[in-house]
Amino acid sequence: MFSDDMRLIAQQMVAPGKGILAADESTGTMEKRLHAVGLDSNEEVRRQYRELIVSTPELGSSISGVILYDETVRQDSGSGVPLRKIAEQNGVLPGIKVDKGAKPLAGTDGEKITEGLDGLRDRLAEYVQLGMKFTKWRAVLDIGSGRPSDYAIHTNAHALARYAALSQEAGLVPMVEPEVLMDGDHSLAAAEEASTRALRRVFAELAEQHVDLESMVLKPNMVVAGKDHSPQPGSVEVAEATVRTLKRTVPAAVPGIAFLSGGQSDEEATVNLNAINQLGPLPWQVTFSFGRGLLAPALQEWVGRDEKFDSAQQVLAHRAKLNGAACEGRYESALENA
């Protein structure tokens, strides 16, 4: 079932100095982003925005892959070329978000379970026909009184592993995303404990369901204190806690780890990624899979104006290069305005 092609794609996704762009916002989330800059959220505006992203010149020099939303996979550029093909022509592997979102988990006090397994095999077969190379599934866990519960960790880890096995069966590389949220006032130590528990269970489930570790990419949270915690730990503390957690839980067979930003500011996520890589060499390639941190500045530059299309692409390319530098531990804040 496991092929050299999938392992090669997984390696390409975490190539040194490159990261994965998360452009898979749902229609509802995209509506909020567009309304925030004064734009209507209709299909044409969304198409223009996503064309701006995938056609950014030389994007492939810092971005290895882009996670797309179902609508985007089926959209064409203004000149009639499928957006997914433009991404590939730009040196960027096209991938697809396949989960159906986090819903209330029965029997808990507000915890979540990610849905979308029903009919997934057929949807994956269609995405293969549409040229996708990898998939993504996000599970969310929060920290609070008695949370994350063992029940929430177990059910989400089981679903992540089922999704990953189905993706590999279809010939697609799964991005496995167990996110411990940074909402709240919990300490760095609490985040480390929750992240450790979650990752241990995820990899136990992946093993039980025969997922090939060499043909997947892990997309976890960095270990950070709750956003309402005071004082906030520095980047060195975050890096040490994150690396300590990963070394205790993630097998070296996994080719790479692509961190989500999880609500950190643009520069904060980049600085922390840089600090993590400065603790290397590590058993895996360590990179990023950021969305808002890369895309928000470009959207604010563009705001639907044709004359700002090129400059918005330049903003996106610049942010991608900054994070590419952080993948190799050579980011400096002076580069922000370079």
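The structure is a predicted model, in which local features need pLDDT of at least 70 and side-chain atom pairs count only at pLDDT 80 or more, while totals for chains, interfaces and linings use all residues. Residues are numbered from 1 along each chain as its sequence is written, and side-chain values use heavy atoms, with hydrogens and water left out. Helices (H or I, at least four residues) and strands (E, at least two) are DSSP runs, numbered from the N terminus.

**Pockets**

- Rolling a probe the size of a water molecule over the atoms shows where empty space is left.
- On a 1 Å grid over the protein atoms alone, a cavity is a set of points where a 1.4 Å probe fits but cannot get out, whereas a pocket is an open set with protein on both sides within 12 Å along at least five of seven lines, and lining residues have an atom within 4 Å of a point.
- Grid points are joined across faces, edges and corners, and a volume is the space filled by probe spheres set on the points.
- The largest pocket holds about 840 Å³ of space, and of the 33 residues that line the largest pocket, Thr29, Arg33, Arg138, Glu179 and Arg292 are the closest to its centre.
- Two or more residues of the lining of the largest pocket come from each of α2 (27-36), β6 (134-141), β7 (173-180) and α11 (292-302).
- The lining of the largest pocket has 14 charged, 12 polar and 7 nonpolar residues, where Ala, Val, Leu, Ile, Met, Phe, Trp, Tyr, Cys and Pro count as nonpolar, Asp, Glu, Lys and Arg as charged, and the others, Gly among them, as polar.
- The second largest pocket holds about 160 Å³ of space, and the residues that line this second largest pocket include Ile113, Glu115, Asp118, His158 and Arg162.
- At least two residues of the lining of the second largest pocket are supplied by each of β5 (112-114) and α7 (150-169), with the largest share, 4 residues, coming from α7.
- By class, the lining of the second largest pocket divides into 3 nonpolar, 4 polar and 3 charged residues.

**The nonpolar core and buried residues**

- A residue is called buried at under 20% relative accessible area, exposed at over 50%, and partly exposed in between (1.4 Å probe, protein chains only).
- A nonpolar core is a set of buried Ala, Val, Leu, Ile, Met, Phe, Trp, Tyr and Cys residues joined through side-chain atoms within 4.5 Å.
- The largest nonpolar core has 79 residues, of which Phe203 and Leu206 touch the most other members, and α7 gives the most to this core, with 8 residues.
- Contact means heavy atoms within 4.5 Å, and, leaving aside neighbours within four places in sequence, Phe203 is in contact with residues including Leu213, Met216, Val250 and Val254.
- Met222, in the loop between β8 (217-218) and α9 (235-249), is buried, with a relative accessible area of 2%.
- Not counting residues up to four places away in sequence, Met222 touches several residues, among them Thr242, Phe259, Leu273 and Phe290.

**Helix α3**

- The expected span of a helix is 1.5 Å times one less than its number of residues, and for the 12 residues of α3 (residues 43-54) this gives 16 Å, which agrees with the 16 Å between its end C-alpha atoms.
- Of the 12 residues of α3, 9 are buried, so this helix is largely enclosed by the rest of the structure.
- The elements that cover the buried residues of α3 include β1 (19-23), α2, α4 (70-73), α5 (83-89), α11 and α12 (309-326).

- Most residues other than glycine have a negative phi, and most peptide bonds are trans.
- The peptide bond from Arg147 to Pro148 is cis, with omega near 0 degrees, and Pro148 lies in the loop between β6 and α7.
- Gly280 and Pro281 are also joined by a cis peptide bond, with omega about 5 degrees, and Pro281 is in the loop between α10 (266-277) and β10 (285-288).
- His210, which is not a glycine, has a positive phi of about 65 degrees; His210 lies in the loop between α8 (188-208) and β8 and counts as exposed at 59% relative accessibility.
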